[in-house]
Every structure is written in C-alpha cells, then in structure tokens.
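This report walks through one protein model, moving from its overall make-up to single residues. Please keep the sequence and the structure in view while reading.

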Amino acid sequence: MYLQQTNNSTKMTIPVIDFSTLNGDKRGETMALLHEACQKWGFFLIENHEIDENLMEKVKKLINIHYEENLKESFYQSEIAKRLEKKQNTSDIDWESAFFIWHRPTSNIRKIPNLSEELCQTMDEYIEQLIKVAEKLSELMSENLGLEKNYMKEAFSGRNGPGMGTKVAKYPQCPHPELIRGLREHTDAGGIILLLQDDQVPGLEFFKDGKWVEIPPSKNNAIFVNTGDQVEVLSNGLYKSVVHRVMPDKNGSRLSIASFYNPVGEAIISPASKLLYPSNYRYGDYLELYGNTKFGEKGPRFEFIKNIANGHYNLEP
C-alpha cells in the first residue's frame with residue numbers, strides 16, 4: 001500500500017506498512033513492501049501498530065500543554081528569535097524548541113525540569129508500547145536481510161538491551177519561514193526512528209531522487225518511520241539512511257515526538273558478515289571451487305570462499 005503525496009507538482013507514493021497483515025496470507029507481500037521501503041526510500045508509515053490511540057493523543061496533548069506553559073514564551077525571547085527578527089545570519093541555527101528524554105537503558109524523564117508527573121507516566125506507558133513496535137520492526141528488517149530475527153536487537157544491545165530515547169520538539173509558528181530552517185538537513189545517527197507527529201501542521205521533508213518529498217501530517221496516529229546511519233552500516237548499505245529536514249510554518253506550530261531505537265554507546269557496529277562479499281582470497285582457490293560448482297548457486301560458493309579467507313577451513317585439493 002502507498003500513500004500518494006504531491007510535492008511541487010511531483011507525485012510521490014510513500015510506502016505504508018500495515019502491521020495487521022503480518023499474520024495472514026498477505027505477509028509475504030507486506031514483507032516485500034517493507035524491504036523495498038528500506039532499500040529505496042529509507043522511510044515509510046506504519047498503520048495498525050496496536051499502540052493505544054487514546055494514549056498517543058494524551059501524549060500529544062500533554063506535551064503541547066507543557067510547551068505552552070513552560071517553553072513558548074522563553075523561545076520567542078531567545079537568541080534564535082532575536083536573530084531571526086533582526087534578519088541576521090541563521091544558517092547555523094534551527095527554529096525549534098526541543099528537549100531529549102532517555103528511556104533505556106536508564107530513564108532521566110523525572111530529572112527534566114517542569115515535566116508533570118502525569119506527562120512522565122503517560123510518556124512511560126507510550127514508550128513501553130512503542131518499544132514493542134521498534135523491536136518488531138528490527139526483527140522484520142533482520143528477516144528481510146536474511147539474518148537471524150534478533151540480529152539487529154543484539155547488535156544494538158549492551159548489558160541491558162538497546163537504547164531508547166525521545167526528542168520532543170515544537171517547531172513554533174515562524175514570522176519569516178523563508179529565512180530559516182526548522183531543522184537543518186541531516187541524517188539520523190542511530191537505528192530505527194519512530195515519529196509521532198502533528199496531525200495538522202506540515203513541515204517534515206525527505207530527499208529522494210533529487211527532490212524534496214513533503215511528508216504530510218499523520219492521520220489516525222500512523223507512525224512515521226525512518227532508518228538511521230547504523231541500519232545502513234549494519235545492512236552493508238542495502239538499507240538507506242536518508243537526508244531530511246524540517247521547514248517552519250508561518251501559520252502554525254508543528255509537534256514532533258521522535259523516538260530513537262538505537263545502539264547503546266558501547267555497542268560495536270559493523271556490517272553483518274553474512275551480507276559482505278568475500279575478500280582477500282586467492283583467485284586460484286575460487287577457480288578451483290568454481291570448477292566443481294559452476295552449475296550451482298553462487299551464494300554458497302561465496303560463503304565457502306569467505307570461510308577460506310577467514311581461515312575457518314582450507315580448500316581441499
């Protein structure tokens with residue numbers, strides 16, 4: 001399934017992954033769509049993820065209240081706002097009001113100033129459900145890459161599992177959106193990013209095929225997902241981490257709750273060995289093996305040569 005989106009008169013079709021089809025006869029079709037989305041897009045939407053929608057609405061409501069009561073006034077009095085008002089250089093700043101919450105391995109949510117206990121509890125409940133979606137995605141991606149289903153989770157893990165954090169951001173109504181970015185062009189450093197975003201105000205854009213694709217506001221609490229740099233590395237470049245940005249809006253403030261399913265700091269990341277071509281082998285060894293396996297699949301031949309190059313065993317004469 002795809003969501004059609006028009007951007008500067010160019011029609012783009014954003015992949016939509018329906019989680020409800022993963023246990024039925026459409027599983028193969030859905031897995032193929034997910035694989036294509038990770039390879040060719042680096043971003044997609046998830047529907048029917050089974051996260052409590054009332055909980056999602058409550059998270060958005062409480063964060064908006066927190067912004068209005070604690071952050072809005074100070075933002076419009078900040079150096080960022082003053083520089084924009086004076087139309088000074090804004091190439092090194094972002095038009096955003098943001099803070100970061102760590103959830104795993106340890107939480108810092110109750111150390112963040114002025115967060116209500118209700119917001120802390122609601123966010124904890126939301127993250128508990130969202131982690132299940134992130135882990136499910138990591139399993140599906142690993143399966144599509146031909147790896148063990150826990151491969152990505154284990155690669156991201158320390159003693160207490162993978163990391164999980166959330167960047168909570170508001171992109172305030174902007175008097176001069178043509179002069180500044182909400183968030184400058186970048187890729188995400190981590191693993192799998194799951195975004196609960198505004199259902200009214202646009203602004204998120206991804207770069208694909210030489211064009212900026214405008215991501216529409218999420219309806220029905222669909223979760224927008226993109227893959228980060230570590231997924232690209234782990235997949236040996238099969239899956240892509242894509243450049244994106246946020247454009248500010250003159251008529252409204254955009255909410256962004258981006259949760260990051262990431263490797264922990266001590267995780268050692270490298271391409272999955274199964275996805276690497278063999279290297280540093282004698283061509284004569286390859287020719288000898290080829291002579292006996294010419295009419296077979298090349299995959300097992302590559303694996304055999306890889307094991308020889310790694311010193312696991314020798315090619316018998």
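## A helix checked against its expected span

The expected span of a helix is 1.5 Å times one less than its number of residues, and helices (H or I, at least four residues) and strands (E, at least two) are DSSP runs, numbered from the N terminus. Helix 2 covers residues 53–76, so its 24 residues should span 34 Å, and the 32 Å between its end C-alpha atoms agrees with this. The model is a predicted one, in which local features need pLDDT of at least 70 and side-chain atom pairs count only at pLDDT 80 or more, while totals for chains, interfaces and linings use all residues. Residues are numbered from 1 along each chain as its sequence is written, and side-chain values use heavy atoms, with hydrogens and water left out.

Helix 2 also bends by about 50° at asparagine 70, where the bend at a residue is the angle between axes fitted to the seven residues ending there and the seven starting there. Among the buried residues of helix 2 are Leu55, Val59, Ile63, His66 and Phe75; here buried means under 20% relative accessible area, exposed over 50%, and partly exposed in between (1.4 Å probe, protein chains only).

## The protein as a whole

The secondary structure comes to eight helices and 12 strands, and the C-alpha trace spans about 80 × 40 × 40 Å along its principal axes. Of the 317 residues in the protein, 48% are buried. If contact is taken as heavy atoms within 4.5 Å, then residues 24 or more positions apart account for 77% of the contacts with a separation of 6 or more.

## Two nonpolar cores

A nonpolar core is a set of buried Ala, Val, Leu, Ile, Met, Phe, Trp, Tyr and Cys residues joined through side-chain atoms within 4.5 Å. In the largest such core, which has 53 residues, the members that touch the most others are Phe44, Met123, Tyr126, Leu137, Ile192 and Leu194. Helix 4 (residues 117–144) gives the most to this core, with 12 residues. A second, separate core has 21 residues, including Ile14, Val16, Ala169 and Val213.

Methionine 123 shows which parts of the chain come together: leaving aside neighbours within four places in sequence, methionine 123 is in contact with Val59, Ile63, Ile101, His103, Ile109, Val168 and Ile257.

Is arginine 83 buried or exposed? Arginine 83 belongs to helix 3 (residues 79–85) and counts as buried, because its relative accessibility is 17%. Its side chain reaches the backbone oxygen of asparagine 89 at 2.6 Å, and, not counting residues up to four places away in sequence, arginine 83 touches Gln88, Asn89, Thr90, Asp92 and Ile93.

Aspartate 18 lies in strand 2 (residues 10–18), and its side chain is joined to that of serine 20 by a polar contact of 2.6 Å. A polar contact is a pair of N or O atoms within 3.5 Å; within protein, one must be able to donate a hydrogen and the other to accept it, and residues adjacent in sequence count only if both atoms are side-chain atoms. Beyond four places in sequence, aspartate 18 touches Thr30, Glu47 and Asn48. The C-alpha atoms of aspartate 18 and alanine 222 are separated by 9.9 Å, although these residues are 204 residues apart along the chain.

## Backbone exceptions in the loops

Most residues other than glycine have a negative phi, and most peptide bonds are trans. Asparagine 48, in the loop between strand 3 (43–47) and helix 2, has a positive phi near 55° and is partly exposed, with a relative accessible area of 44%. Lysine 87, in the loop between helix 3 and strand 4, also has a positive phi, of about 55°, and is exposed at 56% relative accessible area.

The peptide bond from arginine 104 to proline 105 is cis, with omega near 5°. Proline 105 is placed in the loop between strand 4 (97–104) and helix 4.
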